[in-house]
Structures are given as C-alpha cells and as structure tokens.
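Hi there,

Here is the structure I promised to pass on. Have a look at it first, and then read on for what I found.

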Amino acid sequence: MKQRMNRRVFVGSALASSVFAGTRTNAAGTPILTGLAPVTDEEARSTASTVQFRPEIEPLVRLIENTPRQRLMEEIGSQVKAGLNYQQLLGALFLAGIRNVQPRPAVGFKFHAILVVNSAHLASLASPAEDRWLPIFWALDEFKSSQARDVNEGDWTMAAVKESQLPAPDVTVHAFRQAMKKWDEAAADVAAASVTRHLGAGQVLELYAEFAARDFRSIGHKAIYLANGWRTLQTIGWQHAEPVMRSLAYAMLNHNGEPNPSDADLAADRSWRYIETVADDIREGWTQSVASDNVKTDARVILSTIRTGSATDAVDAVVDLLNAGSPLQSIWDQIHLAAGELMMRQSGIVALHAVTTTNAMRFLFDHVGTDRTRRMLLLQAAAFLPQFRDAMVSRGKLRDDRIDTRFETFEIANTGSTNQEALQRVLSNIRRDSGAAFDGTLEWLASGNDPQDFINATRRLVFLKGNDAHDYKFSSAAMEDFYNISPTRRPFYLAACANTFRGSQEPDNKLITRIQAALS
C-alpha cells in the first residue's frame with residue numbers, strides 16, 4: 001500500500017459557533033451534556049442501512065479531515081444541530097481515520113484513534129441518551145491528534161486499489177490466504193479488496209480471523225483491530241468495508257522490519273506455529289464438558305501456568321483440560337481472570353493490553369464458526385498471556401498478587417443494600433490506592449449492589465476524566481468481559497480492573513474544560 005504525499009491544505013473557514021449548552025456532573029449525577037438532541041437507543045443501534053454511500057458522506061469525511069483541530073468540535077456541533085445524526089458522524093469519523101492514519105510502524109500508537117472508535121461507540125450505547133454524543137466528540141479530537149502525528153511522520157494516505165490486479169472472484173479466497181501466508185503486502189492489498197467485494201461480512205471475519213492472532217507483534221493490536229473494525233462496520237454499514245479491510249490486511253502484515261516471517265523462525269510467531277501442531281489433538285466435541293472421575297479438570301491450573309510457565313505450557317494446559325472434559329466456560333473464565341491478575345501484579349500499558357487483547361480474542365472466538373479457527377484462537381488467547389507477563393518483567397518487578405486466593409476467603413453476599421456513599425469512596429480510591437480500590441470494589445459488590453451501577457459510574461468518569469484512547473479501550477473491554485465471565489467470578493475480575501479506570505479525584509480532561517469554555 002503506497003503513500004500519497006502532499007495532503008490537501010487544511011482549510012480555516014470552519015464555523016465558530018457555540019454549540020453546547022451543558023454542565024459537567026459527578027459520576028452518578030445528571031447529564032454531562034445538554035443542548036444537543038439525545039441519541040436514542042434506536043439511532044445508536046440502527047442497522048447498516050442508516051449510513052450509505054450517499055453524496056453527503058464524502059463531504060462530511062473531508063470536513064473532518066480538513067477542519068483544524070481547534071475548531072472541529074464547534075463545526076461538527078453546528079452540523080449536529082442542523083440535523084447530522086449519530087450514525088453518519090460515526091461512519092465519517094471512522095473512514096477519515098482509515099484514509100489518513102497509517103497503521104505502521106506498529107498497529108497502535110497514533111492508530112489508536114481508529115481502534116478506539118468502536119470502544120467509544122460501545123460507551124455511547126451503554127450511556128444515558130443525553131450523554132451519547134460525548135464519546136464520539138472525544139474521538140473526533142483524538143483523530144485530529146493522530147492525523148497531525150501522521151503528517152509529521154510522512155503524511156501517509158491510502159492509495160486507490162490497483163483494479164487491474166484484482167484476483168478473479170473464484171480464486172479470491174485462495175489469493176488472500178496465499179498473500180497472507182507469504183506476508184506479501186501488494187498481493188494482500190488487491191486480494192483484500194476482492195474478498196470484500198465478493199464475500200459477506202461473516203465470511204470475511206472468518207477469513208481474517210485465520211491471521212489476525214497469529215503473531216505477538218504489536219502486543220495484540222492486530223486482533224483488536226479486526227474485532228473493533230469489523231464491529232464498527234456492523235454499525236456504519238458494510239458498504240464501507242473495502243478500505244477498512246485493506247487497511248487491516250496491511251496492518252496484519254507488519255513484522256517490525258524483521259525478516260519475512262514466512263522464511264524465518266521468529267519469537268513472535270512461535271506460539272501460533274506450535275498451536276498449529278497441537279490444535280487437532282483436542283478431542284471431538286470439545287465445546288461440551290464431559291464428567292470425569294479420573295482426570296483433574298480444575299481450570300485454575302491455567303492461572304498457575306500463566307504465572308510461571310511458557311506460552312507452550314499454557315497451550316498444553318488448555319489442551320489437557322479440554323481433553324479431560326473441562327467446561328469451556330471455566331477455561332475462558334481463567335483466561336480472563338489471568339489477564340485481570342496481570343493488572344494486579346503490575347499496572348501499566350502492557351497489562352492493560354493483556355485485557356484488551358483477551359477481549360478481542362474472546363469476541364473473535366464467539367463470532368467465528370470454523371472449528372479449527374476457534375481452537376486456534378482459544379489456545380492463542382492462553383499463549384499470549386505468558387508473553388504479556390514476560391514483557392511486563394522487562395519493565396519492572398511483578399507483585400505476587402494472586403486473584404484466586406480471594407476465591408476461598410471472600411464470599412459474595414446478597415444483602416440487597418445500596419450504599420452510594422460507599423460507592424463514592426471506591427471511586428475516590430481509584431488510581432490513588434490500588435489495594436483500597438480492589439477491596440472496596442469487591443466489598444461493594446458483596447453488599448448486593450447492582451454491578452451495573454458501578455460500571456455506569458466508572459464509565460461516566462471516563463467521559464469526564466479520560467484523556468487517552470486507552471481509557472475508552474480498556475474500560476469498554478473490561479466492562480464487556482465482566483458479562484462474559486461466570487457470575488461467581490465476575491466481581492474478582494472487575495475488582496482487578498478497577499484501579500485502571502478513572503477515579504473521581506482526578507482532574508477533568510481538557511476537552512471538558514474546552515466545551516465548558518465554549519458554552520460560557
């Protein structure tokens with residue numbers, strides 16, 4: 001995929017109108033934004049037909065691309081007041097990122113502006129109707145930051161596909177697989193375009209899932225991009241898929257300047273290659289548990305293995321448990337809990353990505369239907385976590401915190417009590433006292449309170465205090481996976497993640513301040 005230099009010059013004629021009339025509030029208070037039309041459930045969740053390739057979508061993308069960062073929110077605010085709907089804005093924002101931000105040198109960094117769009121959308125879906133504009137307005141500002149960084153790094157722009165080189169429809173799947181196996185960027189680009197034109201959304205997901213998790217480069221962002229990008233397309237419309245899937249193929253073939261992985265034995269590829277040799281050793285009917293008196297099926301061995309073992313040790317542990325008849329849900333529980341435990345052992349960017357990558361792997365596992373691909377994804381989800389652990393060790397000492405030691409010593413009660421004061425204490429300890437945040441979250445849940453109240457309160461704090469794409473990515477992933485875990489284990493996972501949310505004692509982000517200044 002080539003660069004196209006000499007980006008059109010930014011225009012400076014955006015309207016500077018006062019478009020917001022709202023106030024901030026605390027985590028459980030009144031709407032953060034007022035004055036804009038609320039985004040209804042129907043509009044936020046509407047089908048792909050809402051956003052088509054109509055004449056107005058390209059001008060809106062260009063408006064987002066060309067309006068200076070310091071004036072974009074006011075310009076888009078005026079468009080919203082004039083009738084621009086949520087779906088159109090989400091689609092135009094996503095496409096602007098796809099066209100303008102290169103997913104290199106790694107699928108992360110400046111590219112988080114694209115990866116975060118689905119996370120912001122999930123936050124909008126789970127928010128009161130009056131607040132649903134805030135995440136996407138925040139994501140607009142994030143895009144402008146990444147766009148400027150991309151300009152400084154070479155001003156990449158996605159080139160038009162080479163139509164004359166597209167493989168024929170009857171060989172397009174084979175062409176795509178071969179290009180990906182050979183790490184051939186040029187061949188993969190045209191094959192990705194052809195695949196998207198001739199296959200349905202589900203078929204494309206199946207095909208890409210064969211390659212999105214095959215290496216540990218970019219610490220899981222390739223799988224995250226597939227999961228989040230495909231989900232965004234389900235909202236904005238599959239008619240926009242071709243440039244997205246071309247960008248994704250380009251991102252998935254990044255190998256950090258190392259020799260071509262198809263011709264080399266590189267560390268980032270080894271766990272997947274090992275999995276290819278053992279995936280077929282898993283018994284038939286592996287998704288169904290089988291009672292056994294002769295074989296230990298306690299999936300907590302996965303937690304123990306991930307603490308001290310290698311990636312291949314983790315794979316072997318999962319294979320053994322599946323063959324012994326261990327329930328699939330209990331295995332996924334331990335994989336999620338192990339990711340949460342890494343957050344307890346060393347907070348920071350690496351452990352954070354252990355959680356978001358596990359979330360992406362779980363989504364792909366749940367949404368593909370090919371048996372072998374599902375086996376591979378499950379085993380790689382386990383294999384990634386020792387690799388995250390090792391990457392964390394290189395950054396400093398890991399604490400000896402163990403999430404499963406709390407299973408026997410802490411009993412989840414159901415008293416039916418509600419204590420907003422206790423909730424506010426928990427929120428005030430986040431990012432100030434990790435132990436108090438963990439214990440407070442667990443104790444608050446043990447009092448019988450609705451966990452959704454905690455999730456809603458912490459999500460609102462992300463709106464108010466968040467200043468980084470990871471605030472949205474992490475919180476959306478952790479809150480989604482809370483419901484992917486068995487009910488008896490959920491509180492421990494949420495408590496492990498709590499200290500990486502945003503606390504009530506942190507300052508409001510600069511975007512909130514800017515909105516309030518515009519309102520006055």
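Where is the place of Gln102? Gln102 sits in the loop that runs between helix H4 (86-100) and helix H5 (112-125). Please keep in mind that this is a predicted model.

Is Gln102 buried or exposed? Gln102 counts as buried, because its relative accessibility is 15% and the cut-off for buried is under 20%. As for its surroundings, Gln102 is in contact with Lys110, Phe111, Asp150, Trp156 and Tyr250, if you leave aside neighbours within four places in sequence.

Now to the chain as a whole. It has 24 helices and zero strands. Of its 520 residues, 59% count as buried. The chain exposes about 20100 Å², and 50% of that comes from carbon and sulfur atoms. Looking at contacts with a separation of 6 or more, 83% are between residues 24 or more positions apart.

The largest nonpolar core holds 162 residues, and the members that touch the most others are Ile64, Ile76, Phe176, Tyr208 and Leu378. Helix H17 (residues 371-393) gives the most to this core, with 11 residues.

Not counting residues up to four places away in sequence, Ile76 touches Leu60, Leu63, Ile64, Leu84, Leu89, Phe137 and Leu140.

Methods:
Residues are numbered from 1 along each chain as its sequence is written. This is a predicted model: local features need pLDDT of at least 70, side-chain atom pairs count only at pLDDT 80 or more; totals for chains, interfaces and linings use all residues. Side-chain values use heavy atoms; hydrogens and water are left out. A nonpolar core is a set of buried Ala, Val, Leu, Ile, Met, Phe, Trp, Tyr and Cys residues joined through side-chain atoms within 4.5 Å. Buried means under 20% relative accessible area, exposed over 50%, partly exposed in between (1.4 Å probe, protein chains only). Helices (H or I, at least four residues) and strands (E, at least two) are DSSP runs, numbered from the N terminus. Contact means heavy atoms within 4.5 Å. Accessible areas come from the Shrake-Rupley method with a 1.4 Å probe; for residues, only the protein chains shown count as cover.
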